[in-house]
Amino acid sequence: MPKVKYFGILAETVNQAEEEVSFDSGNLEVLVAHLKEKYSLEAHDLQIAVNRKIIPDLSAFMLKDSDEIAFIPAFAGG
């Protein structure tokens, strides 16, 4: 099962730093949409990484059971 990690404010929002998820579709976009709805994350500006690489097009990415998905909150720098 893929492991999902939450960072920063997102971990506080979902009340956990990580979880293993099972899902019917291997499509990353479907999984992200499901988790955003489940935890009410729609309002958060975030990036998604798989195996430590930012994924710009979620719809084109297919997951494997061994993948690690990270929900990373947007941050500002200066």
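Q: Is Lys 5 buried, partly exposed or exposed in this predicted model?
A: In this predicted model, the relative accessible area of Lys 5 comes to 23%. Because buried requires a value under 20% and exposed a value over 50%, Lys 5 is classed as partly exposed.

Q: With which residue does Lys 5 form a salt bridge?
A: The closest N and O atoms of the pair are 3.4 Å apart, and a salt bridge is counted where a side-chain nitrogen of Lys or Arg lies within 4 Å of a carboxyl oxygen of Asp or Glu. The partner that forms this salt bridge with Lys 5 is Glu 68.

Q: How many residues apart in sequence are the parts that Lys 5 and Glu 68 tie together?
A: Lys 5 belongs to strand E1, whereas Glu 68 belongs to strand E5, which covers residues 68-73. Glu 68 is itself partly exposed, at 23% relative accessibility.

Q: Which strands hold Glu 18 and Lys 3?
A: The salt bridge between Glu 18 and Lys 3 ties together parts that are 15 residues apart in sequence. Glu 18 lies in strand E2 and Lys 3 lies in strand E1, residues 3-6, so the strands asked for are E2 and E1.

Q: The backbone oxygen of which residue is reached by the side chain of Asn 27?
A: Asn 27 is placed in the loop between strand E2 (18-20) and helix H2 (28-38), and at 12% relative accessibility it counts as buried. Leaving aside neighbours within four places in sequence, its contacts include Leu 58, Phe 61 and Met 62. The side chain of Asn 27 reaches, at 2.9 Å, the backbone oxygen of Ser 59.

Q: What is the separation between the C-alpha atoms of Leu 28 and Val 50?
A: Leu 28 lies in helix H2 and is buried, with a relative accessible area of 0%. Leaving aside neighbours within four places in sequence, Leu 28 is in contact with several residues, among them Ile 48, Val 50, Ile 55 and Ile 69. Leu 28 and Val 50 are 22 residues apart along the chain, and their C-alpha atoms are separated by 9.1 Å.

How values were computed
Residues are numbered from 1 along each chain as its sequence is written. This is a predicted model: local features need pLDDT of at least 70, side-chain atom pairs count only at pLDDT 80 or more; totals for chains, interfaces and linings use all residues. Side-chain values use heavy atoms; hydrogens and water are left out. Helices (H or I, at least four residues) and strands (E, at least two) are DSSP runs, numbered from the N terminus. Buried means under 20% relative accessible area, exposed over 50%, partly exposed in between (1.4 Å probe, protein chains only). A polar contact is a pair of N or O atoms within 3.5 Å; within protein, one must be able to donate a hydrogen and the other to accept it, and residues adjacent in sequence count only if both atoms are side-chain atoms. Contact means heavy atoms within 4.5 Å.
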